[in-house]
Structure formats: structure tokens, C-alpha cells
Amino acid sequence: MPPAENGISPDNLSIHTATRDGIQVVTLTGEIDHHVSGPLHDVLQDHAQNTGRLVVDFAGVSFMDSTGVRALLSTAQSLWDRPDTWMRIAAPSAPVRHVLELVGLDTVLAVYPTVSAALTA
């Protein structure tokens, strides 16, 4: 599902996208579970393929299960073999940070306290 300019809202998740200095910023608000993992995966993959540089803003996410982890990991893997590409996690809420740490995703993806920090790293 391609993202709309004003965002998409599958079930309990709002997904808004913007471009800042050639970097795709995907801002998420709500909960990430199996009901929204498909649209989330599609949006992340689409934006990762467009520029190869992606910041995912998790400040507004209150819950993420393993399907969200899979969407992140799949997107990151699609970028690893391409030069000058990356995906960064920004501003994860405490519950999301806990999941990232629990599964070790914070050791393979750069996690920043703010979107600004992720953009300027």
C-alpha cells in the first residue's frame, strides 16, 4: 500500500511520511501489532527503496509486538547490502525501547533519542 501524502491509518496505527534533507522520515503513532504490520512493512520498504536513508520516529508508539520487529528487521536487511543506505530508529517510547532491547534489535540498528539526532548523526 503506497503511503498517502497526509498519511495512512491502518487500524490502530497512524503512519505519516515526510522528507527532510533527502532523508525519509516515517512518523508512527499508535500500536504496532499483526493487524498493522503489513501496511507498516510496505511503507517502510517503499521509502527505504526510494532514498535508502530512513528515520523511523517511534515517539508516539505505545506498543510493538514481534510483527513490528519483523517489519523493521526486513527493511534493515534490504538496505544492508546497498552502499550509503541506512535505517535509524528515533525516540522510541519506553515500551518500544524495551522490545528493541529484549530482541537485540538495538544492537543492529542505530537508536537515537530524537528525530533531530537521528537526522544529523
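Two strands count as paired if DSSP finds at least two bridges between them. In this predicted model, five strands form an open sheet with mixed pairing, in the order 1-2-3-4-5. Strand 1 (13-20) and strand 5 (110-112) are at the edges; each has a single partner strand, so one side of each lacks a neighbour in the sheet. From one strand to the next, the twist averages 25°.

**Strands 1 and 2**

- Strands of a sheet pair through backbone hydrogen bonds, in either a parallel or an antiparallel sense.
- Eight bridges link strand 1 to strand 2, and this pairing is antiparallel.
- Across this pair, H16 stands opposite T27 in strand 2.
- The hairpin of strand 1 and strand 2 has two residues between the strands.
- In that hairpin, D21 has a positive phi near 50°.

**Strands 3 and 4**

- Strand 3 (residues 53-64) and strand 4 (residues 86-90) run parallel and are joined by five bridges.
- V55 is placed opposite R88 in strand 4.

**Helices on the sheet**

- Helix 2 (residues 66-80) packs on the sheet, where its contacts are with strand 2, strand 3 and strand 4.
- The direction of helix 2 makes about 145° with that of strand 4.
- Helix 1 (residues 37-51) lies across strand 1, strand 2 (23-32) and strand 3.
- Helix 1 runs at about 170° to strand 2.

Methods:
Residues are numbered from 1 along each chain as its sequence is written. This is a predicted model: local features need pLDDT of at least 70, side-chain atom pairs count only at pLDDT 80 or more; totals for chains, interfaces and linings use all residues. Side-chain values use heavy atoms; hydrogens and water are left out. Helices (H or I, at least four residues) and strands (E, at least two) are DSSP runs, numbered from the N terminus. Axes are lines fitted to C-alpha atoms, for helices over the stretch in contact, and angles run from 0 to 180 degrees between N-to-C directions. Contact means heavy atoms within 4.5 Å.
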